[in-house]
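Visitor: Please take me through this structure slowly, and set each label that you use against its definition.

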Amino acid sequence: MPDLLSGLLVTIQATVLGYAIALALGLLIAMVRRAPFVGAIVHFLMEFIRTTPLVIQLVFVFALAPSTVSVFTIGVVVLGVHYAAYTAEVYRSGIEGVAKGQWEASKALSLPVSRTWGAIVLPQAIRKVIPALGNYLIAMFKDTPLLFAIGVVELLAMAQQVGSASFRYVEAFTMVGFLFLLVSIPSAIAIRRLEKRYAAV
């Protein structure tokens, strides 16, 4: 169990750091996509990322990355960029959900672009999409075992090592499933509560 818990810690760290990248990059992508020409290029890149398997992206970047970059860093960045392609769409739906009159009022008041986004559009847009963003946090947590493909010793990889050392694979992988449930179920409950809370607003 101590070995598995150390693997779980790596899994949680990869999830949290990757999710932070996905949130920040996804928001930037959603904003850039509103630009006429650049938006079309970004949209194509995001579609490419969404339609190719995450494990292929991990292995591809791992093969190209310098040997000085750790496999953990590669895994976190690829996870973050991959899920940014999804969070960008969530942000985009929230931004498009802001009433057209809000944009027109901002122009009428001659507000700078930064204030329009920071004080009017984003506070309304992000509030609406918090539950959907939370769902991607759980999805990313469940995808972290794919980091095993590039040598990150997360929970699944640690279970493999424990099983190899003790020849007790069933117990090791059963505990992996239990630990994933232990983290995923409370997270899912918290997200459902957020959904109900913001649906009532």
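Predicted model: local features only at pLDDT ≥ 70, side-chain atom pairs only at ≥ 80, totals over all residues.

Visitor: Why is T144 called buried?

Guide: Buried means under 20% relative accessible area, exposed means over 50%, and partly exposed covers what is in between, all with a 1.4 Å probe and protein chains only. T144 has 0% relative accessibility and therefore counts as buried. Its place is in the loop between helix 6 and helix 7 (155–166), where helices (H or I, at least four residues) and strands (E, at least two) are DSSP runs numbered from the N terminus. Leaving aside residues up to four places away in sequence, T144 touches T11, A14, T15, L79, E154 and F180, a contact being heavy atoms within 4.5 Å.

Visitor: How do you know whether H82 is buried or exposed?

Guide: The relative accessible area of H82 is 5%, so H82 is buried. H82 is found in helix 4, and, with residues up to four places away in sequence not counted, H82 touches I49, T52, L54 and Q57.

Visitor: What makes L111 and A132 partly exposed?

Guide: L111 has a relative accessible area of 27%, and so it is partly exposed; A132, at 29% relative accessibility, counts as partly exposed too. L111 lies in the loop between helix 5 (100–108) and helix 6 (113–143), whereas A132 lies in helix 6. Not counting residues up to four places away in sequence, L111 touches S106, T116 and I120.

Visitor: Why are helix 3 and helix 4 called oblique to each other?

Guide: Two packed helices are described by the angle between their axes and the distance between the axes. Axes are lines fitted to C-alpha atoms, for helices over the stretch in contact, and angles run from 0 to 180 degrees between N-to-C directions. Angles under 35 degrees count as roughly parallel, over 145 as roughly antiparallel, 65 to 115 as roughly perpendicular and the rest as oblique. The axes of helix 3 (residues 54–64) and helix 4 (residues 71–96) come within 10 Å and cross at roughly 135°, and the two helices are therefore oblique to each other.

Visitor: Which residues meet where helix 3 packs on helix 4, and how do they divide by class?

Guide: From helix 3, L54, Q57, L58, V61 and F62 meet V71, I74, G75, V78, L79 and H82 of helix 4. By class, this contact has eight nonpolar, three polar and no charged residues, where Ala, Val, Leu, Ile, Met, Phe, Trp, Tyr, Cys and Pro count as nonpolar, Asp, Glu, Lys and Arg as charged, and the others, Gly among them, as polar.

Visitor: What makes helix 1 oblique to helix 4?

Guide: Helix 1 and helix 4 pack at an angle of about 45°, with their axes 5 Å apart. That angle makes helix 1 oblique to helix 4. The residues of their contact divide into 20 nonpolar, five polar and one charged.

Visitor: What is the geometry of helix 1 against helix 6?

Guide: The axes of helix 1 (residues 2–32) and helix 6 come within 11 Å and cross at roughly 145°. This contact has 14 nonpolar, four polar and no charged residues. Among the residues that meet there are T11 and T15 from helix 1 and F141 from helix 6.

Visitor: How many helices and strands does the protein chain have, and how much of the chain is buried?

Guide: The secondary structure comes to eight helices and zero strands, and buried residues make up 35% of the 201 residues. Of the contacts in the protein chain with a separation of 6 or more, 77% are between residues 24 or more positions apart.

Note on methods
Residues numbered from 1 in each chain as written. Heavy atoms only, no water.
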